[in-house]
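This briefing is written for reading alongside the sequence and the model. It takes up charged pairs, then the contact between the chains, and then a pocket.

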Amino acid sequence: MKILGIETSCDETAAAVLEIKNSYFNLLSNVISSQIKIHAKYGGIVPEVAARKQIEMIILILEQALKQGNSKFPASPAGRQFPISKNNKNIDIDYIAVTQGPGLITSLTVGIETAKTLSFALNIPLIFVNHLEGHIYSALLSIGNKNFCSLRFPALALIVSGGHTMMVLIKKQGKYKIIGETLDDAVGEAFDKAAKILELGFPGGPIIDKLAKEGDKTKFNLPRPMIKSNDLNFSFSGLKTAVLYLVQDLKKKKELDNQTIKNICASFENACVDVLTTKTLSAIKKFKPKTFILGGGVSANQSLRENLFQKIKTEFPKIKILLPDIKFTGDNAAMIALAAYYRTSKINKTKASAYQKIKAEPNIKL
Amino acid sequence: MKKYITHNPEETKQIAAALAHNFQGGEVLGLTGNLGAGKTNFVQGLAKCLDIKKQVNSPTFVLIKLYPTKNKKIKLLVHIDCYRLNQPEELLSFGIEEYLNDKRCLTVIEWADKIEKILPEKTIWIKFKLGKNIEEREIEIK
């Protein structure tokens, strides 16, 4: 079985071809057009720019993913003609998977309408995937070509990105329960905003990660919001404000030199990692999962990965810890294709998908 | 013009709730002020007054978040964040005009000064300022 995945929920345009044979999978291609360079100019993401760029990119990205995936569709890449006739024997894609939400509506629509068009023209069933579900499965992609059905339930997933910070309990395949989430800013957003306050550029995550390595995390004692709250919710807004006051103060005293900035980065990162790790450990204690999964853009942060791994390993040695490969931490289409695979058993292939009724859902819940 | 000093996030929420109490629907609130000045907090207060159970958190990433309510007059809280925006016109592609003109919506916009030119006359401007200490905030309602 081959699944073509399409992901355009925010600033990335991505397509991937995933092959599944006898419960083993093989990622044939995974193409991402990172638009970071364009957005960097604006210190953020510009929705119109993102969506317009995606419209320009999507067919090229699809072609590349299909070509690298050695897939027979489209039939004649040279002429760039998609086969219009249904039941074309040259098509070996069994399903098309696309992100439905959450995300920016203008960006989501690009991927969804492209997927619908392909599904209609080529008579290939369409599967809509929640972006967050994709991040949950992204850690499985790292296992490579081993049997991927090894996910043992219940599983606990921590999703950390620019738009999300949540803890999800998965009792069995497809059954998700959000047991904790951010009450204000997402952790990736806090990284971006702290970087902005420190005038370091965009995206803030990788910059702070890098500078923090050269800084002293004990120099500034920043707050750990909600670390002692008796629930699994997060708050990062107050931490951002604390950085703001600290920077203002240091600027006044003319003490904001390069080393001090590095120390602030290290102290800030340490506060975030501390909160995320502490809450994860309480969740594990409470729900006793057999598997822990990390996902989302912030899971590329070295300090977070190491800290979570060490602490869980020490306190709960029996838990299987799944961390995504760095290349699968950001938005990608391989995770969308894999998440869709778990739905395929429930889809009646002979029946036409009800795609006409489905549209982008920017605020969709897991 | 009214001016308030709040001493903690809870007081900021209370001011929002008191203000929302008199709303009839169709209001547009333009929030301005620096990072960490209490804007999202204020919106959480509005949501509480409208009895919205869903957690209201930062819309920076998706730009718009919608919260349906069970309120008789205000059926939808529209939470917009222009932090990442560059041009006001970019928001028009999201169809925000429909919300701005809808009597059943309460539209609240963070970093509203960035899109001032596309906002209606009726916009109530609320300015947030950092106070003397980390908890204190100044809120000015026009």
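In this predicted model, the side chains of Lys53(A) and Glu56(A) meet in a salt bridge, with a distance of 3.0 Å from N to O. Because Lys53(A) and Glu56(A) are three residues apart in helix α2 of chain A, about one helical turn separates them. Side chains of opposite charge can pair when their charged atoms come close.

**Salt bridges**

- Between chain A and chain B, by contrast, the count of salt bridges is zero.

**Contact between chain A and chain B**

- The contact draws on 31 residues from chain A and 28 residues from chain B, and the two chains bury about 2500 Å² between them, with 63% of that area on carbon and sulfur atoms.
- Of the area that chain A buries against chain B, 21% is supplied by Lys193(A), Tyr245(A) and Asn363(A), which is more than any other three residues supply.
- Although no salt bridge is counted between the two chains, nine residue pairs are in polar contact there, counting pairs in which both residues are at pLDDT 80 or more.
- On the side of chain A that touches chain B, the elements giving two or more residues are α2 (47-68), α3 (105-122), α5 (187-197) and α7 (237-252) of chain A, and α7(A) gives the most, with six residues.
- By class, the residues on this side of chain A divide into 13 nonpolar, nine polar and nine charged.

**The second largest pocket**

- The second largest pocket has a volume of about 910 Å³, and its lining is made up of 43 residues, of which Asp184(A), Ser237(A), Pro9(B), Asn41(B) and Gln44(B) lie nearest its centre.
- Elements of both chains give two or more residues to this lining, namely α7 of chain A together with α1 (9-20) and α2 (39-49) of chain B.
- With six residues, α2(B) provides the largest share of the lining of the second largest pocket.
- The lining of the second largest pocket comprises 13 nonpolar, 16 polar and 14 charged residues.

Methods. Residues numbered from 1 in each chain as written. Chains lettered and ligands numbered in written order. Predicted model: local features only at pLDDT ≥ 70, side-chain atom pairs only at ≥ 80, totals over all residues. Heavy atoms only, no water. Contact = heavy atoms within 4.5 Å. Buried area = accessible area lost by both parts, 1.4 Å probe. Salt bridge = Lys/Arg side-chain N within 4 Å of Asp/Glu carboxyl O. Polar contact = N/O pair within 3.5 Å; in protein donor to acceptor, adjacent residues only side chain to side chain. Helix = DSSP H or I, 4+ residues; strand = E, 2+ residues; numbered from the N terminus. Nonpolar A, V, L, I, M, F, W, Y, C, P; charged D, E, K, R; others polar. 1 Å grid on protein atoms, 1.4 Å probe; cavity = no way out; pocket = protein on both sides within 12 Å on 5 of 7 lines; lining within 4 Å. Points joined across faces, edges and corners; volume = space filled by probe spheres on them.
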